[in-house]
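Student: I am new to this structure and would like a close look at a single part of it. Could you please take me through the place where its domains meet?

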Amino acid sequence: MASYEIMDRFEIHRNEDFLKKARELTPVLQKKTVIPTVVKGESKGLRKGDRLFLDFGDHYVGYLRIKVSSSGSHQDAPAFIRLRLAEREAELSADPDEYNGWISKGWIQEEWLHIDLLPDDIRLKRRYAFRYLEIEVLDTSQKFSLNVDEVTVEAASAVSVDDIELPDCGDKVLNKIMSVGAYTLQECMQEVFEDGPKRDRRLWLGDLRLQAMADYVSFKNYEMVKRCLYLFGGLPFNDDRISACLFTEPEYASDDTYLMDYALFFVCVLYEYYEATKDMNTVYDLYDIAMHQIENTKNALDERGIVRDLGDAFWCFVDWSEGLNKQASAQAVFIYAVRYGIRLAELMDDDIKLRELRILEARLKAAAIEHLWDDENGLFVSGEERQISYASQVWMILAEVLEKDKAEALMQRTMTLDSKYKMVTPYMYHYYIEALILTGKKDIAISEIKRYWGGMINAGADTFWELYNPDNPEESPYGSCMVNSYCHAWSCTPVYLLQKIL
Ligand code: RAM
């Protein structure tokens, strides 16, 4: 399932004023030095084939420094070593040579080093996200061996869990889930909210929405959310559509990827940022570009008022579930975002827009009921194939397409549904939990958080993962767990969800 987009004649419509505001909000990273413990192997007298396995005790994002020296005769050949870094130990049991997935092999965290002169103080140029480090000696010579004298990581993040106090959930498991969530978010808060510090190391709009929600009830770093809003607002395509993700290096630039649901979330992030900060100036600045996302999505509707199904193309994200049809979810996300647009229009006293959006909301809901609701099954269907999935039900519940009691009944059916289109990302699970909360099923929401996020902890997670399918924990949408991200922004939300429930 390869999912990416390359646009023809791609151009970014830069708003330098917005980008200046974003630049001024660049955070100063907090740094700390961490020393690992040796789990396996000797650190002195290493020769060809020897391995040293180190554990840093927790997940870190930063720069590695290794001091090495030699023993024996004078060094008469380069020392040749290989480093492998991993967020989870399981990554090290997979063989990088066998990786044949559709995203770059370059994401696999490994290095080969030739050390011509010993002793040496090696500082790796790449930033890594990891807990474990394996040093393998590929060769020395007959006459000398290698000593690993000191290894450290200079870990960095814009925030620190040491500076915050999380509420007590009155339950050990939930407290653990909450603190792992906060730690996951900390690791992803670098110069922007990254999706994953190992991969993709960039700002995605769908991830930003969840990170911002979790941030407001933990680190309260409003400036980072504001910075990210100005980055997206300052880097739209030429037609003012907002990109699904962007890069900050070597210079600020949008990716040529558009996802309908992600673009619409800009409206939600802006409104929620206002709710958290009451910063009306940012709303004044970004209101037009936010409204444009809704305006533009109208072009995606067919004559019935239903979002056109673009099939397997990478047009709307929703989840990584294989074969998932996105049409119903896309329709629902549109309705959901229009609701946030209405709130923004109210804030701006924009009566014309307000009226227009209310009509649009009613039209989209009516079309959803008429064309996507299957009365016989009491479920929403998606695409020509009339596919039944968890995602479609969850999103239609969140879009508040049904009246309260009908939505509650739909949630009940969703919980016992036996669809092969399972939810596989914590991102989709977040919205599933939100739907449970909305339909008054708080106890189930808690037990689902324990089952799902607790399941990752039981599988040894220090930080929450990009993808977790309880039926297949090693599943990867990319072809190998080596390129999965095991510290992933969109999975941090129990920090927010638990506080909302409790
Ligand atoms: C992956 C990343 C990212 C997500 C996109 C759609 O590439 O995991 O977090 O937002 O998919």
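Tutor: Domain bounds here come from an automatic or database domain assignment. That assignment gives domain 1 (16-27 + 159-295 + 306-501) and domain 2 (30-157). The model is predicted: local features need pLDDT of at least 70 and side-chain atom pairs count only at pLDDT 80 or more, while totals for chains, interfaces and linings use all residues. Residues are numbered from 1 along each chain as its sequence is written, and side-chain values use heavy atoms, with hydrogens and water left out.

The C-alpha centres of domain 1 and domain 2 lie 37 Å apart. Where the domains meet, 33 residues of domain 1 are in contact (heavy atoms within 4.5 Å) with 28 residues of domain 2. The size of an interface is often given as the accessible area lost when the parts come together. Buried area, in that sense, is what two parts lose on being put together, found with a 1.4 Å probe and summed over both. For domain 1 and domain 2 this is about 2500 Å², with 53% of it on carbon and sulfur atoms. On the side of domain 1, Lys198, Arg201 and Met482 lose the most area to domain 2, together 26% of what that side buries.

Charged groups also take part. The rule for a salt bridge (a side-chain nitrogen of Lys or Arg within 4 Å of a carboxyl oxygen of Asp or Glu) finds four across the interface of domain 1 and domain 2. The residues of domain 1 that touch domain 2 divide into 14 nonpolar, eight polar and eleven charged. In this count Ala, Val, Leu, Ile, Met, Phe, Trp, Tyr, Cys and Pro are nonpolar, Asp, Glu, Lys and Arg are charged, and the others, Gly among them, are polar.
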